[in-house]
Amino acid sequence: MTLDRFRHVADRALDPFVGAARTVGLSPNGVSVIAFLLAVAAGGVYAVAASQPLLYLAGAVLVFLNGWLDLVDGALARELNVASSAGDLLDHVLDRYADIVIIVGLAAGVGQWALGIAAVTGVLMTSYLGTQSQAVGLDRVYGGLLGRADRLALVGVVTGIAAFVRPTGLGLDPVGWLLVVFAVVGHLTAFQRFYYAMKALD
């Protein structure tokens with residue numbers, strides 16, 4: 001299950017935001033940079049939120065805005081007819097750094113560095129397999145158990161819950177369990193994409 005397959009549904013709600021970006025003169029690359037800065041802000045908030053749990057709500061809002069603007073930049077590029085390989089590259093690079101800074105912030109906040117490393121490598125390998133499939137002549141892969149849209153949705157929901165819920169089983173709070181999910185399911189998703197890519201290349 002992945003939310004990425006429903007991008008076309010979200011596209012219908014983007015028109016007002018694309019129009020607003022055009023009105024203020026933002027380029028698609030500018031929107032991408034703003035989305036990345038929001039992710040950096042979210043990571044910073046998450047790094048200190050464990051001591052002030054209500055800050056998790058602010059982080060959840062920032063992550064939601066990052067994900068939304070990640071849709072707006074592509075829609076704006078299509079609207080302006082300026083979609084390019086350079087813009088696509090910038091978007092993907094900033095997305096990966098955004099993923100890293102959000103997960104590192106989460107791990108730093110709860111002091112779970114081992115889980116953070118496992119989670120961030122799972123996320124990066126998932127994304128790598130998606131684009132590497134395209135590099136070897138296949139379509140870009142968005143499928144699997146946990147795509148980027150799913151991750152951002154989970155981060156937003158779980159950190160919203162973390163504002164009010166304290167540690168549960170095994171001494172982990174909701175953020176700790178979120179890192180476990182990213183670590184396990186992220187690598188499983190990467191393996192899924194690898195398997196289907198190899199099968200398509202046979």
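Which hand does the crossing of H3 and H4 have? The crossing is left-handed, meaning that the near helix is turned anticlockwise from the far one by less than a right angle. This is a predicted model, in which local features need pLDDT of at least 70 and side-chain atom pairs count only at pLDDT 80 or more, while totals for chains, interfaces and linings use all residues. Residues are numbered from 1 along each chain as its sequence is written, and side-chain values use heavy atoms, with hydrogens and water left out.

**Helix packing**
- Helix H3 (residues 28–49) packs against helix H4 (residues 55–80) at about 170°, with the axes 8 Å apart.
- H3 and H4 are therefore roughly antiparallel (an angle over 145 degrees).

- Asn-81 sits in the loop between H4 and H5, and its phi is positive, near 60°.
- Asn-81 counts as exposed at 69% relative accessibility (buried is under 20%, exposed over 50%, partly exposed in between, with a 1.4 Å probe and protein chains only).

**Salt bridges**
- The count is 6 salt bridges (a side-chain nitrogen of Lys or Arg within 4 Å of a carboxyl oxygen of Asp or Glu).
- Arg-148 pairs with Asp-70, the closest N and O atoms being 3.1 Å apart; this links helix H7 (residues 148–162) to H4 across 78 residues.
- Arg-148 is buried at 8%, and Asp-70 is buried at 9%.
- Asp-95 also meets Arg-148 in a salt bridge (3.8 Å, N to O), so the pair ties together H5 and H7.
- Shared partners join Asp-70, Asp-95, Arg-96, Asp-99, Arg-148 and Arg-151 into one network.

Key
Axes are lines fitted to C-alpha atoms, for helices over the stretch in contact, and angles run from 0 to 180 degrees between N-to-C directions. Helices (H or I, at least four residues) and strands (E, at least two) are DSSP runs, numbered from the N terminus. Angles under 35 degrees count as roughly parallel, over 145 as roughly antiparallel, 65 to 115 as roughly perpendicular and the rest as oblique.
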